[in-house]
Amino acid sequence: MRDKTELIAFTDGACSGNPGPGGWGVLMQARRGDAVVKERELKGGEADTTNNRMELLAAIAALESLSRPSEITIVTDSAYVKNGITDWLARWKANGWKTSTRKPVKNEELWRRLDDAQARHKVHWEWVKGHAGHPENERADELARAGMAPYRPRRAITGNGQG
């Protein structure tokens with residue numbers, strides 16, 4: 001009997017300064033048992049953004065990359081994303097996109113986009129501690145930094161008389 005294929009997306013965001021240049025990364029894996037049978041990497045970035053926006057865009061990119069409704073586990077090191085989607089979102093929507101203190105929800109357009117993206121799928125959300133040696137989370141972090149790279153300012157070369 002063949003094991004069921006499981007789809008997992010490891011997501012991460014990064015920012016140099018907050019706000020500043022940022023990037024997001026996704027490591028998508030299809031697994032059968034303990035074996036990775038297919039892998040895909042996604043990344044992107046923006047010139048002037050925040051870490052939270054990049055964390056959200058990573059999860060959005062993972063879900064929007066799926067061509068058909070799927071069951072997927074999203075693994076994030078962002079408590080903001082995990083808690084927002086599993087605990088806070090329903091209240092925000094019921095309160096007209098206001099927080100419990102009646103302030104506008106930050107990044108509302110991205111939360112709406114994430115909500116729309118997950119509606120097509122059966123999504124399981126998991127949190128892992130970032131920068132703790134979790135191999136797939138570390139790869140997602142590398143992708144996020146690569147996504148940020150084109151938006152980081154180039155430093156002037158100094159010290160060789162060519163300065």
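**Salt bridges in a predicted model**

Trainee: What relative accessible area does R145 have?

Mentor: R145 comes out at 42%, so call it partly exposed. Here buried is under 20% relative accessible area, exposed is over 50% and partly exposed is in between, using a 1.4 Å probe and protein chains only. Keep in mind that this is a predicted model, where local features need pLDDT of at least 70, side-chain atom pairs count only at pLDDT 80 or more, and totals for chains, interfaces and linings use all residues. Residues are numbered from 1 along each chain as its sequence is written, and side-chain values use heavy atoms, with hydrogens and water left out.

Trainee: OK, and which side chain meets R145 in a salt bridge?

Mentor: D141, at 3.2 Å from N to O. A salt bridge here is a side-chain nitrogen of Lys or Arg within 4 Å of a carboxyl oxygen of Asp or Glu. D141 is buried, at 8%.

Trainee: Where do R145 and D141 lie?

Mentor: Both sit in helix α4 (residues 135–148), four residues apart, about one turn of the helix. Helices are DSSP runs of H or I with at least four residues, strands are E runs of at least two, and numbering goes from the N terminus.

Trainee: Changing topic, how many salt bridges does the structure hold?

Mentor: Nine. Among them, K93 pairs with D115 at 2.7 Å, N to O. K93 is in helix α2 (residues 79–94) and D115 in helix α3 (residues 108–119), so this pair ties together parts 22 residues apart in sequence.

Trainee: Is D115 buried or exposed?

Mentor: Buried, at 14% relative accessibility, while K93 is partly exposed at 42%.

Trainee: What links E39, E41 and R139?

Mentor: A network of salt bridges.
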